[in-house]
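Reader: Please take one residue in this model and look at it closely. Then set it in its surroundings and move on to a second part.

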Amino acid sequence: MKRVFLFIPLVAFAVLGLLFFLTIDRENKDVLPSPLVGQPFPPFEMSKLLTEEAVSTSALQGKPLLVNVWATWCPTCKAEHAFLNMLAEDGIRIVGINYKDERDKAHQWLTAYGNPYEFNVFDPEGKLGLDLGVYGAPETFLVDSSGVIRAKHVGDLNAAVWQKLEATYQGMK
Amino acid sequence: MFDLYGDTLTTAPEFGQLALILAFVVAVIQSVIPFVGVQRRDALLMSWSRPLAAAQALFLTVSLVVLGYCFVIDDFSVTYVATNSNTALPTPYKISAVWGAHEGSLLLWVTMLGLWGLAVAWFSKGLPLIMLARVIGVLGIVSAGFILFTLETSNPFARTLPSIPPEGGDLNPLLQDFGLIVHPPTLYMGYVGLSVVFAFAIAALLGGRLDAAWARWSRPWTTAAWVFLTIGIALGSWWAYYELGWGGWWFWDPVENASLMPWLVATALLHSLAVTEKRGLFKSWTVLLAIFAFSLSLLGTFLVRSGVLTSVHAFASDPERGVFILALLGLCVGGSLLIYALKAPTVASVGRYEWLSKESFLMANNLLLLVAAFAILLGTLYPLIIDFMGMGKISVGAAWFNTMFVPLSVALTLIIGVGALSRWKADQASRLKNELILAAVLALVVGGLSPFLADGSLNWQVMMGVGISVWLIAISLVDIWKKTRGNLLRFGSLSLSFQGMVLAHIGVAVSVIGVTMVANYSQEESVRMAPGDSYVMSGYRFEFVEAGHIDGPNYSSDATRFRVFDGDREIALLQPEKRRYHARGSVMTEAAIDAGLFRDVYVSMGEPLEDGAWGMRLQVKPFMRWVWLGAIFMSIGGLLAMLDKRYRQVKRASSDVQKSGEVPA
């Protein structure tokens with residue numbers, strides 16, 4: 001065995017260390033510029049999670065809203081759920097996209113933890129998620145009354161994040 | 001006591017801080033003097049190692065005890081106490097609040113490092129002085145780094161003066177629980193215990209003697225740390241199960257992954273050390289595993305609180321400290337990997353072995369464990385990499401981890417027993433054939449029938465899970481049968497290492513059965529129930545008796561009472577609660593569980609609904625306890641192996657040493 005090979009773990013660790021170093025304190029990066037901001041919400045023809053009725057893009061129009069991408073397999077979604085409940089109580093309109101999930105589990109989740117959503121679009125294969133450029137859950141989009149995406153937030157929604165987003169939300173019509 | 005602005009203060013925190021500073025000074029001396037002694041071959045300087053290790057342990061313990069005292073007397077002039085305690089907090093939780101947040105858990109961490117150092121100094125009569133000096137020296141360096149980190153960025157004794165808060169902010173309610181009194185210290189003992197193994201590996205590399213004696217010294221320490229890790233992880237899983245109220249016992253959360261990775265690597269290390277000791281093989285590999293195991297422990301302890309990874313468990317994260325942590329990690333891990341690259345032997349080991357031999361099976365075991373650890377590392381870091389590339393923050397789902405982990409565990413369970421049964425160097429298939437056929441037949445029959453006995457329908461996962469467990473148990477029993485020449489009752493007269501090994505392996509099978517059954521036959525329903533309602537699920541009738549209100553010492557809660565019936569027989573009275581803790585206003589779900597060897601009945605409260613009804617979550621989880629029972633078996637197995645008398649044979653160790661010309665202690 002050549003000694004050179006013994007340096008492989010060290011080099012691998014150095015790369016990892018560099019990655020850690022560069023990712024420290026990236027919290028301000030949560031509000032991402034997305035190519036979709038300023039674009040109309042991608043058109044869809046899907047079914048609702050609970051009632052299984054057909055639902056399409058037009059259902060989003062009328063009043064500004066948050067579109068929240070979530071799943072029962074996602075611990076971060078669990079963490080933000082209480083905050084979504086609070087927002088809904090404050091009269092903020094939230095539509096969910098149940099992303100790559102199972103209907104039964106999602107149903108139970110909403111019964112157990114409360115349902116902040118006006119309705120949920122059921123997206124078991126992540127088709128709508130793909131159109132929206134979703135990398136994982138949770139993600140939240142701010143959509144105005146004409147169905148145009150105004151902002152996107154990746155990661156959990158909490159009081160601190162909402163402080164930043166609220167101005168955009170209030171400015172939407 | 002002195003008087004300041006009319007408030008009475010004790011000087012206890014200053015003594016705590018002073019003890020911590022003294023511990024730092026000792027740690028610095030400890031990381032210099034022994035090495036100077038080694039350099040000059042000066043036995044006197046080297047013999048400083050033991051008293052230095054003892055002094056360090058003493059100062060750290062004093063410091064930790066003082067912090068505990070500050071909590072007990074409600075000294076809210078100490079910022080850390082004010083943030084994490086409250087006069088209404090029950091005293092046991094005041095003590096556990098010591099490690100309830102970052103500063104205190106760090107102090108606990110370094111104190112344990114000191115205590116492990118003391119243990120090495122104490123139980124090292126057979127160790128050559130030069131080896132001991134290097135080991136204690138390495139521990140001193142690690143300790144100095146982390147005490148400095150504590151003092152500089154996370155001082156638990158910092159005061160809020162002059163305006164002392166009249167009341168504290170209370171301990172995070174998630175942590176006000178028995179599980180959280182015992183889980184972190186146990187897990188930390190495991191994490192920190194791996195530092196000893198690490199120190200042995202570095203000392204052996206520095207001294208250029210990666211031999212059987214080194215492996216034999218390392219083995220009991222590795223096993224001790226591994227036992228703590230095993231118990232710690234099991235406790236954490238148990239705590240999450242009853243305290244988070246979701247009924248899940250493993251979430252593939254970064255904090256959990258951080259504890260599982262060092263466990264997997266430590267498990268590989270245990271087996272690799274056996275090969276190095278008995279056969280003189282895998283030396284470079286074993287050293288590398290020792291470095292990895294400790295590095296992953298550091299990663300586990302610190303990464304989650306550096307702000308690098310986010311986690312639902314991370315109750316103590318702070319990006320401010322991230323850079324310091326990274327620098328420390330870089331020094332510890334990078335430094336040791338550099339020493340490894342420069343000093344590890346490049347000559348191939350002399351021993352030979354056939355492909356059908358214990359060595360081969362242990363190599364396969366090592367590879368599977370390492371691949372599993374690597375898969376988890378990748379899954380844990382993937383969100384970080386995605387984030388780094390500017391593609392957002394995400395959670396990697398449990399589905400991914402299960403897809404990776406389940407097949408690896410199946411393969412591992414299949415080869416464990418065979419590895420134990422086979423011989424060193426070379427074995428004949430014909431010798432093993434009969435035993436393996438017997439085990440395979442048993443596995444196929446029991447595994448094949450099990451889903452039909454459980455619920456009458458075909459289920460491949462259950463057949464597989466139960467089948468491989470029966471396979472492993474059968475082979476283990478055959479092994480005992482052969483070793484005792486057909487008299488299983490003579491099991492107690494076999495060597496403790498063998499007893500321990502068999503018990504630990506059976507523990508793996510027990511856990512696999514538990515995981516399989518829980519994953520496949522758990523029933524859960526979320527239902528709307530009002531007092532007086534009944535609901536029937538998987539043969540049990542849940543009767544909602546009444547709803548009420550309870551006032552606890554520092555919380556008040558909505559509680560409900562359920563009777564659970566199996567047919568007409570009442571089997572349990574369960575009282576789940578939903579608690580609101582006053583100080584922080586946070587709400588916690590307290591599940592009520594009726595535990596049994598073959599099933600757990602689990603009731604937790606969801607949201608209140610109209611007309612006094614509640615969203616209730618009812619669960620029946622068969623074989624839940626087996627998951628942790630297996631971990632208990634493994635821990636007892638480890639304990640037995642550690643106590644084997646051959647690790648106390650001082651003479652053999654030192655005679656090896658005199659041959660190699662080093663100074664015995």
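Author: Ile33(B) touches Leu45(B), Trp48(B) and Leu52(B), residues up to four places away in sequence not being counted. Touching here means contact: C-beta atoms, placed from the backbone, within 7 Å of each other. Residues are numbered from 1 along each chain as its sequence is written, while chains are lettered from A and ligands numbered from 1 in the order in which they are written. The model is predicted, so local features need pLDDT of at least 70 and side-chain atom pairs count only at pLDDT 80 or more, but totals for chains, interfaces and linings use all residues.

Ile33(B) belongs to helix H2 of chain B, residues 33-40. Helices are DSSP runs of H or I with at least four residues, strands are E runs of at least two, and both are numbered from the N terminus. Ile33(B) counts as buried because 21 C-beta neighbours lie inside 10 Å. The cut-offs, again with C-beta atoms placed from the backbone, are 20 or more others within 10 Å for buried, 12 or fewer for exposed, and partly exposed in between.

Chain B as a whole has 20 helices and 12 strands. Of its 665 residues, 54% count as buried. The C-alpha trace of chain B spans about 85 × 80 × 55 Å along its principal axes. Among contacts in chain B with a separation of 6 or more, 74% join residues 24 or more positions apart.

One helix pair in chain B can be described in detail. H1(B), residues 12-30, packs against H8(B), residues 129-153, at an angle of about 145° with the axes 8 Å apart. Axes are lines fitted to C-alpha atoms, for helices over the stretch in contact, and angles run from 0 to 180 degrees between N-to-C directions. H1(B) contributes residues including Leu20(B), Phe24(B) and Val28(B). From H8(B) come, among them, Gly137(B), Gly140(B) and Ile147(B). By class, this contact has 11 nonpolar, five polar and no charged residues. Nonpolar covers Ala, Val, Leu, Ile, Met, Phe, Trp, Tyr, Cys and Pro; charged covers Asp, Glu, Lys and Arg; the others, Gly among them, are polar.

Now to chain A. Seven of its strands form an open, mixed sheet in the order E2-E1-E5-E4-E3-E6-E7. E2(A), 54-56, and E7(A), 149-154, are the edge strands, each pairing on one side only. Pairing requires at least two DSSP bridges between two strands. Direction ignored, neighbouring strands are turned by 30° against each other on average.

Take E6(A), residues 139-143. Five bridges join E6(A) to E3(A), residues 65-70, and the two run antiparallel. In this pair, Asn68(A) stands opposite Thr140(A), and Val69(A) faces Glu139(A). E6(A) also pairs with E7(A), antiparallel, over five bridges. There, Val143(A) is opposite Ile149(A). The hairpin of E6(A) and E7(A) has five residues between the strands, and Gly147(A) takes a positive phi near 85°.

Five of the five residues of E6(A) are buried. Both faces are covered: Glu139(A), Phe141(A) and Val143(A) lie on one side, Thr140(A) and Leu142(A) on the other.

Definitions and conventions:
Two residues are in contact if their C-beta atoms, placed from the backbone, lie within 7 Å.
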